[in-house]
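Keep the sequence and the model side by side as you read.

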Amino acid sequence: MRVVVTGLGCITPIGNTVDAFRESLYAGRTGIGPFDLSRMPGALSPDPGIRYKNTAKVKNFNPTQDPAHHLTSGFILTSELGAQFGIIAARQAVAQSGLLAHHDPAGIAIVTGCSCGGRGADEDANRNLYLRNARVPPTAIIRTMASSGTSNISIETGITGPSLNISTACAAGTHALGLAFHMVRSGMAPAAIAGGYEAALTYGFLRAWDSMRVVSPTSCRPFSADRDGMTLGEGAALFILEPLDAAQARGARIFAEIVGFGMSTDAHHITQPRAEGAALAMRRALDDITNTLGAPGLDSETWASRVGYINAHGTGTPTNDAVEAAAIHQAFGEFAPHIPVGATKSLTGHSIGAAGAIEALATILALDAASLPHTAGVTSVDPTLNLDVITHESRPLDPNKDLALSNSLAFGGLNAVLALRRYTS
């Protein structure tokens, strides 16, 4: 069964609607900027323990006052900021697709990716407990659950099908989309809401990442010769997945087709990536296209020749970008230097569990428009990587290469790759 995307929703540092996200994506308008420690409970300001100054925060999100983002007091009481991002992004996607008017909510799946849970609630409760011996509110339990957004999406929509949250660090959003894709393709679910959400830009989180020595003191510049680290971010992107024939029958707007999904594990190191693992996930995503399109005899090399875009994990760290480049070469061989590669973390930052979903959104919009967004912030591409990194301006998608990959390569060697195809009626 073929699976298409019929609804999109997002809350991100570069836009709180898909239209705003699209505009910023193609304009190269970054959401990265200085953070304000004075607004973080418990933080020292200035803090000599944090060597970087920038994050990518969501702006103008007010669920108590903004009608576009309105949440009832019940949702606000039982959810942290990241889950609230997810609820609103799912609401946008459901409204755009008309999902609930055409599918039985008893069967629809909800699959999300969130890795950090409600860190703000956790830090607040623990700080007050340890410093003042204050009572810990009972809502701290449900607000810290990584799955609170999943449950609240179900409550808002009335969907009673299978619902779950995946916590696989930076690959969670992509794992969620891939699992939902397989559930719909197999007939296990007639449709799905899938994606990721995360909001973990708390004082403790920033201090912990500073200790890792991988955050840029300036700003994320993936694949740039002078790259010096990642930039932390937050946000959400949610999608509606359903069978192609069902979408066509009701005349739904189709943004792209998901045609493959691959996973692998490095089994190597908890933080250091290994090219062989990422390459295996890419090859498995390509091999899975045959399972979707029913084209026996065609293998990953055949599909590799039709890939016209890779949205890379592209964290901007010296090591990770080099390893991902090596993995692309291992997976694509002679095609690797000629495939246009882009990375969007220089605009959105690295939103951990939501990163793969936000990057899938960029990939879907690129395929839908047949226009590949450039990688912002790159001064000059690192020549040792031997990749065709899109810089300075967008580039048209080769009409003969209608496939794209979206890579997520997480700590712990957890790799997830989506294969998508431009949809033409």
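Eleven strands come together in an open sheet with mixed pairing, and the order across it is 5-4-6-7-1-8-15-14-9-10-12. The edges belong to strand 5 (163–166) and strand 12 (388–389); each has a single partner strand, so one side of each is left without a neighbour in the sheet. Bear in mind that this is a predicted model.

Strands 14 and 15 make an antiparallel pair: residues 403–410 and residues 414–421 are joined over eight bridges. If you want a spot to look at, find S406, which sits opposite L418 of strand 15.

## Around strand 9

Is strand 9 buried or exposed? Five of the five residues in this strand (residues 307–311) are buried, so it is largely enclosed by the rest of the structure. On one pairing, strand 9 runs parallel to strand 14, with four bridges between them. N311 has S406 as its bridge partner there, and S406 is also the residue standing opposite L418.

Strand 9 also pairs with strand 10 (residues 340–342), again in the parallel sense, through two bridges. In that pairing N311 stands opposite G342. Between the two strands comes helix 12 (residues 318–332), and the three elements together make a right-handed β-α-β unit.

The largest nonpolar core has 50 residues, and the members that touch the most others are L8, F21, F239, L241, L361 and I364. Helix 14 (residues 355–369) is the top contributor, giving nine residues to this core.

## Salt bridges across the chain

The count of salt bridges comes to 20. One of them joins E257 to R2, with the closest N and O atoms 2.7 Å apart. This pair links distant parts of the chain: E257 is in strand 8 (residues 256–265), while R2 is in the segment before strand 1 (3–11), and 255 residues separate them. E257 is buried at 1% relative accessible area, whereas R2 counts as partly exposed at 33%.

R227 and D382 form another salt bridge, with 2.9 Å between the closest N and O atoms. R227 lies in the loop between helix 8 (203–212) and strand 7 (235–243), and D382 in the loop between strand 11 (371–372) and strand 12, so the pair ties together parts that are 155 residues apart in sequence. R227 counts as buried, at 10% relative accessibility, and D382 is buried too, at 12%.

D19 is exposed, with a relative accessible area of 55%, and R22 is partly exposed at 27%.

Key: Residues numbered from 1 in each chain as written. Predicted model: local features only at pLDDT ≥ 70, side-chain atom pairs only at ≥ 80, totals over all residues. Heavy atoms only, no water. Pairing = 2+ DSSP bridges. Buried < 20%, exposed > 50% of the residue type's maximum accessible area, 1.4 Å probe, protein only. Right-handed = clockwise from strand over helix to strand, strands pointing away. Core = buried A, V, L, I, M, F, W, Y, C linked by side-chain atoms within 4.5 Å. Salt bridge = Lys/Arg side-chain N within 4 Å of Asp/Glu carboxyl O.
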